[in-house]
Amino acid sequence: MAFLVVALVLLTALCVFQLVLVLAVLRRLREHESRFEQLAKAAGPMGALDPVAELVGRRVPELAEHTGGSPRTVGFFSVGCEACHEQAPEFVASAAATGASAIVVGTPADELAGLLEGVQTVVTGAEGERLMKAVDIKAFPTFLQVDGEGLIVRAGIAVAELPAVAPAL
């Protein structure tokens, strides 16, 4: 009988110890959760992971050469990007009134370039790769509004994120 009492006391102590551990882990998880919420609020809607926000304010002379010194919306598309194919018609519709350039990278670019018919300029091949590297594009699609001197004034990953640019006179 004494053996049973000792076993029961040890089992009870073990259960209490495990309960204390579980409560400590829960308290720690709550602390981390509140810390993550604070970091998310401080980082904004896209947080530090926004691949296009860092482009704003950058001056890219190659874009000024490409646009001929006029403000323009420039869209960067990749052949293997499903979102690029989905946004191409919306880009064409917004580009019709303002004049825009589409840069298509990857091969074969014919299908995506065909979807972008109606855009003032469609660039593919080596020139498209050169412009993509000059701007340091990290995500597709990327849409930029560029002033006449190659300064990126707005950037987004959706056409709807950028207001229309007035056409150059």
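**Salt bridges and exposure, step by step**

Tutor: Let's begin with Glu149, which has a relative accessible area of 54% in this predicted model.

Student: Why is Glu149 called exposed?

Tutor: Exposed requires over 50%; Glu149 has 54%, so the residue qualifies.

Student: And what makes Arg59 partly exposed?

Tutor: Its relative accessibility is 46%, which lies between the 20% and 50% limits, so Arg59 counts as partly exposed.

Student: How do you know that Arg59 and Glu149 form a salt bridge?

Tutor: The rule asks for a side-chain nitrogen of Lys or Arg within 4 Å of a carboxyl oxygen of Asp or Glu. Here the N to O distance is 3.4 Å, so the pair meets the rule. The two partners are 90 residues apart: Arg59 sits in the loop between H1 and H2, and Glu149 in the loop between S4 and strand S5 (152-156).

Student: What makes Lys138 and Glu54 a salt bridge?

Tutor: Their closest N and O atoms are 2.7 Å apart, and the cut-off is 4 Å, so they pass.

Student: Why is Lys138 called exposed, but Glu54 partly exposed?

Tutor: Lys138 reaches 51%, which is over 50%. Glu54 has 39%, so it falls in between the limits.

Student: How do you know that Arg130 and Glu127 are about one helical turn apart?

Tutor: They are 3 residues apart in helix H5, which means a separation of about one turn.

Conventions: Residues are numbered from 1 along each chain as its sequence is written. This is a predicted model: local features need pLDDT of at least 70, side-chain atom pairs count only at pLDDT 80 or more; totals for chains, interfaces and linings use all residues. Side-chain values use heavy atoms; hydrogens and water are left out. Buried means under 20% relative accessible area, exposed over 50%, partly exposed in between (1.4 Å probe, protein chains only). Helices (H or I, at least four residues) and strands (E, at least two) are DSSP runs, numbered from the N terminus.
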